[in-house]
Amino acid sequence: MIRPEQLKRVPVPASIPVSEIAGDVLEGLSRTPKSLPPKLLYDAEGSALFEQITCLPEYYPTRTEAAILMTHADEICSRLGKNVSVGELGAGTATKTRILLRSLLRRQFSVNYFPLDVSDAALKLAKDEVEKELQAVNVHPQIGDFEDLAFLELQARPRLVLYIGSSIGNLEHVDAITLLQNVAQHLSSGDQLLLGVDLVKDSGVMQAAYNDSAGITASFNKNLLIRINRELGGHFEPEAFYHVSFWNEAASRIELHLESARSQSVRVDALDTTIRFGQGERIHTENSYKYTLERLGDLLQHGGFQLEHTWTDPHCWFAVSLGVIK
Ligand code: AVJ
């Protein structure tokens with residue numbers, strides 16, 4: 001965890017401490033039904049696989065959101081405070097962010113940009129790519145998860161917080177609201193949030209995006225087992241698990257699971273435990289919630305933001321909303 005006093009360019013830890021993975025893995029795999037927190041999917045390898053996912057023909061969210069940002073960048077920037085600093089939650093490699101930064105630099109001389117991510121590797125790429133293209137952007141990478149929001153207070157006001165890419169879709173509704181409330185707590189009147197969420201649409205379109213024909217999403221999902229093998233001395237055979245994904249209409253979400261192909265026992269050395277799987281038993285690895293415009297409005301409001309404007313694409317597949325602290 002990063003504390004505010006550590007943020008003055010003191011070296012930050014290279015990744016989530018192993019003990020934290022151990023606790024999450026032990027807890028998740030001891031539960032019935034078994035589950036693992038989605039943030040564990042995003043180690044260096046997982047983040048690289050997710051980058052590949054964003055380029056897949058079936059995976060519409062990234063290019064749809066990028067198109068919204070490109071089409072409306074000037075209008076979005078015209079609605080921002082004068083001379084904003086930019087923070088970003090789950091920045092990844094910041095590819096889409098550069099669309100906004102480019103446009104922002106037509107309005108202000110420089111930008112202080114604070115990308116937060118759990119992946120050290122992704123942040124390094126983000127910093128390199130942004131600084132290579134946009135010399136007037138000062139990048140201040142923040143390694144951490146969404147509990148480490150104190151860096152927002154290091155940003156000069158007015159602040160813009162980016163939470164794009166539908167990352168909020170990983171969260172249960174109550175947790176999404178709590179997260180926005182936590183963000184709001186570090187902000188002041190006039191500070192803004194730009195939030196990107198995936199919208200409910202034809203289920204075939206959504207399901208194809210999480211079950212691509214090249215099998216990249218399957219590799220992304222199974223990478224979690226490989227990570228446990230590497231970091232915790234696990235003995236998972238990734239071939240002994242199937243990638244399963246489907247649209248859960250009642251919960252308004254795509255679910256990702258790893259399904260045991262047979263009954264098996266898997267030893268995890270660092271946990272000093274053996275995990276038993278029945279044939280067909282699943283580990284729930286990720287949810288990707290899809291919103292309606294109405295639910296998106298409620299989310300912002302309950303999170304402490306007043307909705308200023310929402311931009312969507314022509315199919316209304318994805319939405320980018322700007323909210324402000326009153
Ligand atoms: C990174 C959470 C936005 O939900 O679409 C993509 C994750 N998982 N394919 C999403 C993901 C499998 C992605 N988010």
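User: Is Cys55 buried or exposed?
Analyst: Cys55 is exposed, at a relative accessible area of 65%, where exposed means over 50%, buried under 20% and partly exposed in between, with a 1.4 Å probe and protein chains only. This is a predicted model, in which local features need pLDDT of at least 70 and side-chain atom pairs count only at pLDDT 80 or more, while totals for chains, interfaces and linings use all residues. Residues are numbered from 1 along each chain as its sequence is written, and side-chain values use heavy atoms, with hydrogens and water left out.

User: And Cys316, how exposed is that one?
Analyst: Cys316 is partly exposed, with a relative accessible area of 33%.

User: How many disulfides are there in the whole structure?
Analyst: The search of the whole structure finds 0 disulfides, a disulfide being a pair of cysteine sulfur atoms within 2.5 Å.

User: Back to Cys316, where does it sit?
Analyst: Cys316 lies in the turn of a hairpin formed by β13 and β14, which has 5 residues between the strands, and its phi is positive, about 60°. Strands here are DSSP runs of E with at least two residues, and helices are runs of H or I with at least four, numbered from the N terminus.

User: What does β14 pair with?
Analyst: β14 pairs with β7 (residues 192–198) in the antiparallel sense over 7 bridges, and 6 bridges join β14 to β13 (residues 306–312), again antiparallel; pairing requires that DSSP finds at least two bridges between two strands. Asp198 stands opposite Phe318 in β14, and Gln306 stands opposite Val324.

User: Which way do the β14 side chains go?
Analyst: Phe318, Val320, Leu322 and Val324 point one way and Ala319, Ser321 and Gly323 the other, and all are buried, in keeping with the count of 7 buried residues out of 7 for β14 (residues 318–324).

User: Switching to helices, how do α3 and α4 cross?
Analyst: The axes of α3 (residues 60–78) and α4 (residues 95–104) come within 9 Å and cross at roughly 15°, the axes being lines fitted to C-alpha atoms over the stretch in contact, with angles from 0 to 180 degrees between N-to-C directions. The two helices are therefore roughly parallel to each other, a label for angles under 35 degrees.

User: Which residues of α4 meet α3?
Analyst: Lys96, Ile99, Leu100, Ser103 and Leu104 in α4 meet residues of α3, including Leu69, Met70 and Ala73, where contact means heavy atoms within 4.5 Å.

User: How many residues of α4 are buried?
Analyst: In α4, 8 of the 10 residues are buried, among them Thr97, Arg98 and Leu101.

Methods
Parallel < 35°, antiparallel > 145°, perpendicular 65-115°, else oblique.
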